[in-house]
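Biologist: I have not looked at this model before, and I would like to learn how its features are read. Could we go through it step by step?

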Amino acid sequence: MTGGDAFFGEFIDDYYAECDEHLSTARRVLLALEADAVGSSSPAPEPAQLRELLRSLHTLKGLAGMVGDACAERLAHALEDALRPIERALVPVSQDVVDALFAGVESLDRCVTARKSGGAEPDVGDVLSRLSAVAGAHLPRTDQRHAADVRSDAPGAPVQIYRLTFTPSAALSQRGMGVDAVRARLAALGTVLDAKPRMFESGVVFDFRVECAAGRCPDAAWETDGLAWELEETPQHSGEHGTAEQSAVSEHASAIAARAAAGSSVVRVDLSRVDAVMRLVGDLVTTRSRLDGLVRSLDAAGASSDALEETSAAMERQLRQLRESLVRLRLVPVGEVFERLRFAARDAIRESGKRVALVFRGESTEIDKLVVDRMLEPLLHLVRNAVSHGIEAPDERVAKGKPPEGTLTLRAVAAGDRIVIDVEDDGRGMDAERIAIRARERGLLLDDEPLSADRMLELICAPGFSTRDEADRTSGRGVGMDVVRSTVRALAGDLAMTTVPDQGTRFVIELPLTLMIVDALLVEIGGQQMAVPQPALREILQVERSEIITFESNEVVRYRGGVLPVVNLGQLFALPRSPRDTIYVLVVGAEEAPTGLLVDRLVQLREIVVHPVTDPLVAMPGVGGATDLGDGRVSLILDAAALVRLALERRDHRARSRIPHAPASGARSTNGRHLVV
Amino acid sequence: MRTILVVDDSPTMRRMIMASLRDLDVAFDQAASGLEAIERLAVAPVDLVVLDLNMPDVHGLEVLRFVRSHERFSTLPVVVLTTRSDDESRETALREGATRYLTKPFSPSTLAPQIRDLLAAATS
């Protein structure tokens, strides 16, 4: 072991991010391996998948070693050792082996999580010995390797093989057309059978062979990307080319196909950097609208400004496109979160002893990375709930005339700028009677009040509401329905439910495609909570109401040897005046011309989700949007810059000046107490 | 300025390697796969390669074979940097023409001087 740990500390966040990717690969492959272990249709695990898993573990081990994460390094190593004989022998594995591998990956995840959160390292001794037992077990050696390498899906379906060449050049590479991008493109066309470099005098050419369904062909536009192709003479049927020619095919071929699409054409970017660019675009939008205002005033003055107007309009379009492209940068396929759900569902299913088929639809639907991350826990809860409470035991289902195996379906659909995720089971449905009794006991439902689906949802989302005396182990973990609802609300989403006795329950979650999240200071003005984005705050002063002076028709407080004009927000929004004597001034605006915003009370600093206010009846100057505080209360977000502009406009009519004779005692300090922002 | 081609399928590992060599006053080119490594070598001049072995599709050893089988790369220093610390891997890589065989985890204080020496030797 070498001592680079401290040096590589700066890469620790990259390490965690890359671990996430490798762990999700590991889960995906293990689930496939398990399907092979119990199902009889596939005789052996896919070698390409096993190699991918091994590579992920190998990379993770290397990275763990670099950052000194010994726990993760040991586990990754043990997993590699356990998998290597399976990869060599290519025989179906037993459930015990799969369980040991799952336990290994889960412990590995816990090691990384513990390090990330500063928690105690988990005890992995037991898992390590289980893995080493797997590694030591004798597996029969077979020669299935190459045979199994041939893809066997859709046997007999007509296929064709293309021979393609790619000639890289500096110019192509400058616009992102490199060999990895080409390979990803070909992997989308079909199965890349072979990829070989060929050197000649002035450079290199890559020869590819791609098998694809008859009728599919390369896009004519690819010719401009350095690609050329021809159809291989004899049309073939998949599964027939496993002979002499096939043995010459690189054994890496199917791995290429599997992996390439997600290959190196992906750049990982810190979300905060994207947000920073997004804020700049927001500023640009403001600047452009100012420019637009100027153009209009030129127009009004009779000057011909057609060209300027056109330019300004073009700029608006471009800014909108820029904003849309940025939003797309933040989107990831929702399938990523579905895979993690599959993993969690597996545990719940095993614990419950039920038979449940998991069905995913719309995995490629894209959603904001932030929304996906925050929705993981609530979705986990819904999935566990459906397994442990919704879906019945096999004999109960048979007695009801249902198939013994229940189905849990997760669906994601994009609808405009919203995404709808639904979690549906075909189980027993909500027990309306039981919910009604429990709700009446707790005084949440009137005796004669009917129980609609909406009302039922409201009740089960009430904090601490459970029809079970004791939450069982599976669904009792993590969050409850109340957290599900508050998370969805805080993300500006909606939660709905339909339930039919003995037919099942369906939760429908509607979420915005993307979100803007900022740190904001919650303040109280006239009994109302409002939010001020933290980046807008320069300073906070505590003042007595009596210290506010009216000076040349402006309200001001003394500040840094001069005066600070203040905006009485309570007055501006026509809110009742608070009886407090001690109030706060939020200093905002440019350094050379700061403005103070008067608020009654500081509540807390927290993250909020910004929802633009689009309703013209609600929109008003000085309000930048609204946020849901998660408990159903809505708070307005103040647009500090707009408030400052309002104040300046008012002041423009009056002379701006300083107090002619600043009091000597206040020359270097302010009269208010400073608070750290 | 000399250029080092860093070949590793892990982006984090590539950044760690480049950070370890940042005091050498060199430029970096990167490749995330064996195929890409060959492409980079063919399109742009490179003075030294830091090469991972375990990569998807074209393995590091195949890159090494490719490099050594072409006249124009015959003297190009190739430093294999891998997690595989067994003798067999080491011997194979050296036999196929690796200039040095180093293992991960590595420390910047051992990697940088070796690379510097190899670059100096290649110039003289």
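Biologist: Let me begin with one residue: is F73(B) buried or partly exposed, and why?

Modeller: Please keep in mind throughout that this is a predicted model. The idea is to count the C-beta atoms around a residue, and a residue is called buried if 20 or more others lie within 10 Å of its own. F73(B) is partly exposed, because 17 other C-beta atoms lie within 10 Å.

Biologist: Where does F73(B) sit in its chain, and what is it in contact with?

Modeller: F73(B) belongs to the loop that links α3 (60-68) to β4 of chain B. Once its neighbours within four places in sequence are left aside, F73(B) is in contact with L41(B) and V67(B). The C-alpha atom of F73(B) is also separated by 9.5 Å from that of V46(B), although the two residues are 27 apart along the chain.

Biologist: How many helices and strands does chain B have, and in what order do they run?

Modeller: Chain B has five helices and five strands, and from the N terminus on they follow the pattern β-α-β-α-β-α-β-α-β-α. Of the 124 residues in chain B, 46% are buried. Among the contacts in chain B with a separation of 6 or more, 61% are between residues 24 or more positions apart.

Biologist: How should I read the sheet of chain B, and which strands stand at its edges?

Modeller: A sheet is read by the order of its strands and the sense of their pairing. In chain B, five strands form an open sheet in the order β2-β1-β3-β4-β5, with parallel pairing. The edges are taken by β2 (27-31) and β5 (100-103) of chain B, and since each has a single partner strand, one side of each is left without a neighbour in the sheet. From one strand to the next, the twist averages 20°.

Biologist: Which pair of residues could I look at inside that sheet, and which helix lies across its strands?

Modeller: Strand β3 (residues 48-51) and strand β4 (residues 78-82) of chain B pair in the parallel sense over three bridges, and there V50(B) stands opposite V79(B) in β4(B). Helix α1 (residues 11-20) of chain B lies across β1 (3-7), β2, β3 and β4 of that chain, and runs at about 150° to β1(B).

Biologist: What does the sheet of chain A with β7 and β9 look like?

Modeller: In that sheet, five strands of chain A form an open arrangement in the order β7-β9-β10-β12-β11, and the pairing is mixed. Its edge strands are β7 (356-361) and β11 (494-500) of chain A, each of which pairs on one side only, and the twist averages 10° from one strand to the next. β7(A) pairs with strand β9 (residues 406-415) of chain A in the parallel sense over six bridges, with V356(A) opposite G406(A) in β9(A).

Biologist: How is the packing of two helices described?

Modeller: Two packed helices are described by the angle between their axes and by the distance between those axes. For helix α2 (residues 47-67) and helix α3 (residues 70-89) of chain A, the axes come within 9 Å and cross at roughly 155°, which means that α2(A) is roughly antiparallel to α3(A). The crossing of α2(A) with α3(A) is left-handed. Residues of this contact include L50(A), L53(A) and L57(A) of α2(A), together with A76(A), L79(A) and L83(A) of α3(A), and the residues of the contact divide into 12 nonpolar, three polar and five charged.

Biologist: At what angle do α14 and α19 of chain A pack?

Modeller: Helix α14 (residues 369-390) and helix α19 (residues 481-490) of chain A pack at about 145°, with their axes 9 Å apart, and α14(A) passes α19(A) in a left-handed crossing. Here R374(A), M375(A), P378(A), H381(A) and L382(A) of α14(A) meet V483(A), V484(A), T487(A) and V488(A) of α19(A).

Biologist: How many residues of the two chains are in contact, and which element of chain A gives the largest share?

Modeller: The contact involves 39 residues of chain A and 29 residues of chain B. The largest share of the side of chain A that touches chain B, eight residues, comes from α2(A). The residues on that side divide into 17 nonpolar, 14 polar and eight charged.

Key. Residues numbered from 1 in each chain as written. Chains lettered and ligands numbered in written order. Predicted model: local features only at pLDDT ≥ 70, side-chain atom pairs only at ≥ 80, totals over all residues. Axes fitted to C-alpha atoms, helices over the stretch in contact; angles between N-to-C directions. Helix = DSSP H or I, 4+ residues; strand = E, 2+ residues; numbered from the N terminus. Parallel < 35°, antiparallel > 145°, perpendicular 65-115°, else oblique. Left-handed = near helix turned anticlockwise from the far one by under 90°. Contact = placed C-beta atoms within 7 Å. Nonpolar A, V, L, I, M, F, W, Y, C, P; charged D, E, K, R; others polar. Pairing = 2+ DSSP bridges. Buried ≥ 20, exposed ≤ 12 C-beta atoms within 10 Å, placed from the backbone.
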